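Let's take a walk through this model together, going from helix to helix and then on to the rings.

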Amino acid sequence: GRCDYNTKLTEELLRVRRFALLEKIQEQHSLYSTMDPRIFRAHVKVILRAGHPELLKTQIRRYGLREDDVCLLLDSGNEEIIRYYLEYYELEAIGQQALVRSRNAALVQFYQERYGFLKGIRKQAEKFGLLKTRKLRFSCFGWM
């Protein structure tokens, strides 16, 4: 409960496929919680490296991710878990850039509709053809 656990434990739980236990741990404490706040435990990196990003849903929903882990998540290319993250959190500028660099038009469009990109990043996404642009049309009610 209140004890810090090492990333070696996370690796071992992944190895023996104890996914439910990892989810239970995350229900109680963030993967980032440590007894010594100066220590960085890279549980998120270990889970991503093992190829089980779906195990991060509890962490995302309850506690979020650190910015460097957000970039790792975006670089993973796992559309389902990235969309899951974006349903909860807006990206900082560096995360927005990483999302555009991923060249995933569906995720870029989703983010634009949900939060909107910073101006320069939006222009970059438009330049790469990742955003649908709304064409103005005239109706009897005016420009739409």
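Which residue with a positive phi follows α7? That residue is Arg103, and its phi is near 60 degrees. Helices here are DSSP runs of H or I with at least four residues, numbered from the N terminus.

Before going further, a word on the ground rules: this is a predicted model, in which local features need pLDDT of at least 70, side-chain atom pairs count only at pLDDT 80 or more, and totals for chains, interfaces and linings use all residues. Residues are numbered from 1 along each chain as its sequence is written, and side-chain values use heavy atoms, leaving out hydrogens and water.

Stay with α7 for a moment. This helix spans residues 93-101, and its buried residues (under 20% relative accessible area, 1.4 Å probe, protein chains only) are Gly95, Gln96, Ala98, Leu99 and Val100. Their cover includes α5 (67-76), α6 (79-88), α8 (105-114) and α9 (119-127). As for Arg103, it lies over the face of Phe128, at 3.6 Å from the ring centre. For such a placement, NZ of Lys or CZ of Arg must be within 6 Å of the ring centre and within 35 degrees of the ring normal.

Now turn to helix α2 (residues 19-28), where Phe19, Leu22, Ile25 and Gln26 are buried. They sit on the same side of α2 because they cover an arc of only 115 degrees around the axis, taken from the directions from the helix axis to the C-beta atoms. The face turned away from that side carries Ala20, Lys24 and Gln28, which are exposed (over 50% relative accessible area). On the buried side, the packing partners are α1 (7-15) and α4 (57-62).

Leaving out residues up to four places away in sequence, Leu22 touches (heavy atoms within 4.5 Å) Thr10, Leu13, Leu14 and Leu55. Thr10 is also a contact of Ile47 in helix α3 (residues 43-49). Ile47 and Thr10 are 37 residues apart in sequence, yet 7.8 Å apart in space, C-alpha to C-alpha.

Finally, look at the rings. Tyr84, Tyr85, Tyr88 and Tyr89 are linked into a cluster by ring pairs, meaning Phe, Tyr or Trp (six-membered ring) centres within 6.5 Å. Lys57 lies over the face of Tyr84, at 5.2 Å from the ring centre.

Technical notes
Helices (H or I, at least four residues) and strands (E, at least two) are DSSP runs, numbered from the N terminus. Rings of Phe, Tyr and Trp (its six-membered ring) pair if their centres lie within 6.5 Å; planes under 30 degrees apart count as stacked, over 60 as edge-to-face and the rest as tilted.
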